[in-house]
Structure formats: structure tokens, C-alpha cells
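Dear colleague,

I am passing on the structure we spoke about, and I would be glad if you could read the notes below beside it.

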Amino acid sequence: MNGTTKNSIIVFTTALVVFLLFSCESNFKEVQKSNIAEFVPSGEADSINIKYTDSGRIKSILVSSKMLDYSSVAFPFTEFPKGILVTLYDQSEKKTFVSSKYAVSFKNTNIIDLRGAVKITNETGQVFETEQLYFDKKNEWFYTEKTYKFSDPKGVSYGEGIDFSKDFKIINSQGVSGELEKQ
């Protein structure tokens, strides 16, 4: 073989090997992409106002400017990335108002995770504030391990870790400090 033919074979072989390597890389990347599932909501809504009823009575009203529904994932949930405002009604139609900058409701556990400037107020003037709070929908029970501030017409208390009924009638708190008016 002469030098030109030998060089042509080397160039052709090198080009073929490079081509095969790049085509394998491309296929490998395609295989990797096929194993990654997209995590996108199955439903999306803007400016929602949902009324929850039981036996014809309104139990709660949920208002949010954005809702993302992830009901088709393995652990389904609904996300409220722009926050919520919820009005809860007790048996005698008294209202409790709950607001937060972000919320996520887990469908399998009936737990709602409220985050960012969480505030609960009621018609008697009680105000509860914290950065994260959980709500157990089944038991109508709030709880957190975060620091909180609880204001009442009788005074203000602070603490870390608390759980309470949605109407504030039962309160179990840990590490409380503050001043309350004597009765």
C-alpha cells in the first residue's frame, strides 16, 4: 500500500470511530432522558374559591390565586404556591380564619402544610402566628414545633411547639412565656 491509501484508510477509520462514539453518546442521552419522568401538575387553576360542605352546611371556604394539582403522582398532593385564605365554620357557624403564603395538601394523609406568615384569627379576637403549621383535616387539629405568638384579649404568649383544636378550646403548648391578665 502506498502512503496516500494508508492515510486515507486511517482518516476514514478515525472518522468512522468518532461518528460511532458520538452516535452512541446521543443514544445514551436519549435513554437517560426516557428514565426521567416529568414532574408536572395534572391540573392547574387560577383564582379559586372552593366551598366544602357536609350535610348541606358549609364547613370551610378556601380561596387562593393559584392551585396546582398533582393527583397523578405516587404520593398525590395539591399545592398552593401563592398562598391561601381559609374560613372554617364550627357547629354554631362561628368563623376561624387561616392564611399563609404557601400551602400544600397531601391527599393520602389529609394533612395540610401551611408555610410563611401563617396566621389564624377568630371572632373572639384570638390571633395565632407562626412560620409553619400543620392541619389535620380528619381531626380538625393544628400543630407545630416552630416558635409561635398567641395573642388573646387577656394577653400575649410566646412558645415553641403547640397543638390545638381549630376553635382554640383545647390548647397543649410547650415552653410558653408571656403575660396574661388575671381573671
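This is a predicted model: local features need pLDDT of at least 70, side-chain atom pairs count only at pLDDT 80 or more; totals for chains, interfaces and linings use all residues.

Residues are numbered from 1 along each chain as its sequence is written, and side-chain values use heavy atoms, with hydrogens and water left out.

The protein chain has 1 helix and 12 strands, where helices (H or I, at least four residues) and strands (E, at least two) are DSSP runs numbered from the N terminus. Of the 183 residues in the protein chain, 32% are buried, meaning under 20% relative accessible area with a 1.4 Å probe, protein chains only. Contacts are heavy atoms within 4.5 Å, and among those between residues at least 6 apart in sequence, 34% join residues at least 24 apart.

Strand β4 (residues 84-89) is mostly covered, with 5 of its 6 residues buried. Strands count as paired if DSSP finds at least two bridges between them; β4 is joined to strand β2 (residues 57-70) by 4 bridges, and the two run antiparallel, with V63 standing opposite L85 in β4. On strand β5 (residues 95-100), 6 bridges join β4 in an antiparallel arrangement, and Y89 stands opposite K95 in β5. The hairpin of β4 and β5 has 5 residues between the strands, and E93 there takes a positive phi near 70°.

With best wishes

How values were computed: Buried means under 20% relative accessible area, exposed over 50%, partly exposed in between (1.4 Å probe, protein chains only).
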